[in-house]
Amino acid sequence: MASSPSTFGRPHRSAAVAAVLATALAGGLVAGTASAADSDATGAAESAAVRIHDIQGTTRISPLNGQQVAGVEGIVTGVRTYGSRGFWIQDIQADADPATSEGVFVYTGSVPTVAVGDAVTVSGLVSEYVPGGLNSGNQSVTQITKPTVVVVSSGNALPDAAVIDARHVPNRYTQDGDANAEGSINGLALNPRRYALDFYESLEGMNVRIGTSRVVGATDPYSELWVTVKPREHDSRRGATVYGSYTSQNTGRLQIQQLAPISQQPFPKADVGDVLSGATEGPLDFNQYGGYTLVARTLGTVESRGLQRERTRPQRRGELAIATYNVENLDPGDPQEKFDALAKAVVENLSSPDILTLEEIQDDNGTKNDGTVSAEETLKKFTAAITAAGGPSYHWRGVDPENNQDGGQPGGNIRQVFLFNPERVSFNDRAAGDAVTATGVEREGRRGAALTHSPGRVDPANAAWENSRKPLAGEFVFRGEKVFVIANHFGSKGGDESLTSHHQPPVRSSEAKRLLQAQAVNGFVKDILALDRKANVVVLGDINDFEFSQTTKALSEGRVLYPAIKSLPRSERYSYVYQGNAQVLDQILTSPGIRHFSYDSVHINAEFAEQNSDHDPQVLRFRP
């Protein structure tokens, strides 16, 4: 069915319906009840032919939440036959209030028997469904459940699509949550002309349209991608949208899915910087993994812009190159193609760094949970693949973890590992530590420092590392100069609320653990610098946090470390793309003794639909 962009004119809402308030929460639904004083208003609402904008109301929670409605009229604008099965309807008799949506989702639970373009009446229970459950912090979706549906006619024209573009989406992301409601924005009146989240919420369930838009999040394994309708909003030279602070959420980002099952219509593959050309149109949904999502009935065409994977320059004579790379749960059971692709990247894209710290190296049988902790076979297979790709014959050092004590996939026993090129750099072996023994710092000579265990783990008994990867410390020597390297994989962001949370600002619960981890590593670096203030110390790895975060500030406290990614222009600071935001998770930090360096975030994975890892490696080059 064809439709065209429009601005809605809307008659006034029923005052009687507006008087019904939602008051209770239960399960994954925000359940509502009406008091005796509300019963007359409710009865009046039922007899007055409730319309969709009466159901949606002017806040995120329906004023009819928990109430039965009858004979709700609308045109079917989309039918979903998979996942959360149901269909969307939209009222063609819009009111005059821009805060009230004219569309709503009807949850059937089974494959719907209606078709796009059907005029229907729906009777059922109004409810607020929270994708991910109440504890997720997600906003709710207003819907009609347990429906009785009557098809009045078929083949009707669809309501005109509301346009989502740079002109209509406000620059301000959200209003602050209500301090009297635990920071929630659920009860606040929508202001769609001022706040982006309110704008999207005012269109929930409606037929919407975007025009030609740049891809800012590559197609993922779940057949979805992200675009921006604001092409100049914090854009990078490669086409990404950069997340540079907690208050720069990037209001133009929008997730795109399709209504057609993949078996019937394959979803297009797109990389960052590509263009979704032409009109993309369909209902605006809200889901657990991305928030507001255009579920396309009509999908634009992906036009490739030919984004290339970056190659960093080789280190010059006298330069030491140190890199970090999260290889995403690498174990011997992975296809040889994965080993070969990762190895090729080390050689060709990273120019065979002298020292390479790896995160997420799994044990010799991967997720088989049988007590195996050695990763010798994993490392033999990977280093052999690097040599076969034309790279050096790397040696390695590491410390095996205790079984199932370091987080990650059960049985996988992920850990950090040092690879180093013995033709360029040597490793100082000093009474190698084990999983539970902490390495320390002792004086060496008149003004030098040395590790008590190399390789060794930093403060492994600290509660900050419970069910998390312990830092790996080692001493290297390059052209007669000692270099301390500390490889990290801090706790994940699991449990944090999304940017579209009903709490604003969102709750970042995982940050507390990383803050403690950062303080532990910062203290260890201070121990080294206390004995040798000019020591070359490099702290690197998957920090799992932003360059502007409290985690990074804690790592740097006392100016003992500098986040080297800050040496790049703001538009180039990212190593990961999440929900259309290019952001920093992987970092390299340097001590004051490393005064001059060059830094590169090598974009070879995060921007692409085809990935060898979901992280981009980082490279630091300097002269000790």
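**View 1. Thr293 of strand S14 is the bridge partner of Gln255.** The model is predicted: local features need pLDDT of at least 70, side-chain atom pairs count only at pLDDT 80 or more, and totals for chains, interfaces and linings use all residues. Residues are numbered from 1 along each chain as its sequence is written, and side-chain values use heavy atoms, with hydrogens and water left out. Strand S11 (residues 253–258) and S14 pair in the parallel sense over four bridges; two strands pair if DSSP finds at least two bridges between them. Strands (E, at least two residues) and helices (H or I, at least four) are DSSP runs, numbered from the N terminus. Thr293 is also the bridge partner of Asp285. Strand S13 (residues 280–287) runs antiparallel to S14, and four bridges join them. The two form a hairpin with three residues between them, and Gly290 in the turn has a positive phi of about 140°. Six of the six residues of S14 (residues 291–296) are buried, so the strand is largely enclosed by the rest of the structure. Buried means under 20% relative accessible area, exposed over 50%, and partly exposed in between, with a 1.4 Å probe and protein chains only.

**View 2. Nine strands form an open sheet with mixed pairing.** The strand order is S7-S8-S13-S14-S11-S10-S9-S12-S15. Strand S7 (162–163) and strand S15 (301–303) are the edge strands, each pairing on one side only. Within the sheet, strand S9 (residues 213–217) pairs with strand S10 (residues 225–228) in the antiparallel sense over three bridges. Arg214 stands opposite Thr228 in S10.

**View 3. Asp545 forms salt bridges with Lys493 and with Arg514.** A salt bridge is a side-chain nitrogen of Lys or Arg within 4 Å of a carboxyl oxygen of Asp or Glu. The closest N and O atoms of Lys493 and Asp545 are 3.0 Å apart. Lys493 lies in the loop between strand S25 (481–489) and helix H7 (511–531), and Asp545 in the loop between strand S26 (536–542) and helix H8 (550–556), so the pair ties together parts that are 52 residues apart in sequence. For Asp545 and Arg514, the closest N and O atoms are 2.9 Å apart. Arg514 lies in helix H7 and Asp545 in the loop between S26 and H8, so this pair ties together parts that are 31 residues apart in sequence. Asp545 is buried at 0% relative accessibility, and Arg514 is buried at 1%, whereas Lys493 is partly exposed at 23%.

**View 4. Glu511 and Arg508 meet in a salt bridge through their side chains.** The N to O distance is 3.6 Å. Glu511 counts as buried at 12% relative accessibility, while Arg508 counts as partly exposed at 30%. A search of the whole structure finds 29 salt bridges.

**View 5. Buried residues of helix H5 pack against two strands and a helix, namely strand S16 (320–330), strand S17 (355–361) and helix H6 (376–388).** Contact means heavy atoms within 4.5 Å. The buried residues of H5 are Lys338, Phe339, Leu342, Ala343, Ala345, Val346, Val347 and Asn349. At 1.5 Å a residue, the 14 residues of H5 (residues 336–349) should span 20 Å, and the end C-alpha atoms are 19 Å apart, which agrees. The expected span is 1.5 Å times one less than the number of residues. Ser351, which follows H5, has a positive phi near 55°.
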